[in-house]
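Please consult the sequence and coordinates alongside the text.

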Amino acid sequence: MLLFRGHGLFLGLAAVAVAVMAARLMSWWSPSAGFRLFVPGELARYRGGPGDPGLYLALLGRIYDVSSGRRHYEPGAHYSGFAGRDASRAFVTGDYSEAGLVDDVSDLSFSEMLTLQNWLSFYEKNYEFVGRVIGRFYGEDGLPTPELTQVEAMITKGLEANKQELKEKQKFPPCNAEWSSTRGSRFWCSQKSKVHSILQKD
């Protein structure tokens, strides 16, 4: 009985996590006052160089002031290519060429969309949100475009898929087998099996 209660609690927490993230996505992308709209050419001025007005980057159309992380994004730094533009795709692909530093994420998988969502959470937590880019993800009115709505749907589906995967792992825990000349064969399944396997490899 206790085992089933544990499973129910685990799945309940997973469902809550999905609901919380969905609510967070809605708050990130819903209309709100106090932010500025940028066209891409204007955002390009914010690369952190001498005479530039600031150091900004965009992810899924949301612009963050990354001045506090200047050493990572200023000209010549490892991630300088992200500054002054929306290079959402490169957050997943790692392609820092001009061809890769773009905002087109239309062909990314569910898991890759979740990676973008993790990055979005990182910037929301660590940097100041300052505005939105008019273009692929936001219109001239500052509202989400159909493409951003599709991204949101894929992230939500990815979260649901993760919840289902966790549910399946609870139903079918990983198994181990061993054999010795003295004890013969032994086979067992438990949530700790995966940990045991890792320890044996190490």
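The points below cover pockets, the cavity, aromatic pairs and charges over rings.

The model is a predicted one. Its largest pocket holds about 170 Å³ of space, and a search of the whole structure returns 1 cavity of 30 Å³ or more. The search for aromatic pairs, also over the whole structure, gives 19.

**Largest pocket**

- The largest pocket has a volume of about 170 Å³, and among its 14 lining residues P40, R85, D86, D103 and V133 are the closest to the centre.
- Its lining comprises 7 nonpolar, 2 polar and 5 charged residues.

**Second largest pocket**

- The second largest pocket has a volume of about 150 Å³.
- Its lining consists of Y73, Y79, F82, A90, F91, G94, Y96, W119, F122, Y123 and Y127; helix 4 (88-93) and helix 5 (110-126) are the elements that contribute two or more residues.
- Helix 5 supplies the largest share of this lining, with 3 residues.
- By class, the lining has 10 nonpolar residues, 1 polar residue and no charged residues.

**Cavity**

- The largest cavity, of about 50 Å³, is lined by V105, S106, M113, E147, Q150, V151 and M154.
- Helix 6 (residues 146-171) gives the most to this lining, namely 4 residues.
- The lining of the largest cavity divides into 4 nonpolar, 2 polar and 1 charged.

**Aromatic pairs and cluster**

- The search finds 19 aromatic pairs; one of them, Y46 with Y56, counts as stacked because the ring centres are 4.4 Å apart and the planes lie at 15°, under the 30 degrees required.
- This pair links distant parts of the chain, 10 residues apart: Y46 lies in the loop between helix 2 (40-43) and strand 2 (56-59), and Y56 lies in strand 2.
- Y46 is buried, at 5% relative accessible area, and Y56 is also buried, at 13% relative accessibility.
- Y79 and Y96 form an edge-to-face pair, because their ring centres are 6.0 Å apart and their planes stand at 80°.
- This pair also links distant parts of the chain, 17 residues apart: Y79 is in the loop between helix 3 (70-73) and helix 4, and Y96 is in the loop between helix 4 and helix 5.
- Y79 is partly exposed at 32% relative accessibility, as is Y96 at 37% relative accessible area.
- One aromatic cluster is formed by F35, Y64, Y73, Y79, F82, F91, Y96, W119, F122, Y123, Y127 and F129.

**Charges over rings**

- R62 is placed over the face of F129, 3.9 Å from the ring centre.
- R132 has its charged end over the ring of F35, at 4.3 Å from the centre.

Note on methods. Residues numbered from 1 in each chain as written. Predicted model: local features only at pLDDT ≥ 70, side-chain atom pairs only at ≥ 80, totals over all residues. Heavy atoms only, no water. 1 Å grid on protein atoms, 1.4 Å probe; cavity = no way out; pocket = protein on both sides within 12 Å on 5 of 7 lines; lining within 4 Å. Points joined across faces, edges and corners; volume = space filled by probe spheres on them. Nonpolar A, V, L, I, M, F, W, Y, C, P; charged D, E, K, R; others polar. Phe/Tyr/Trp six-rings, centres within 6.5 Å; stacked < 30°, edge-to-face > 60°. Buried < 20%, exposed > 50% of the residue type's maximum accessible area, 1.4 Å probe, protein only. Lys NZ or Arg CZ within 6 Å of the ring centre and 35° of its normal.
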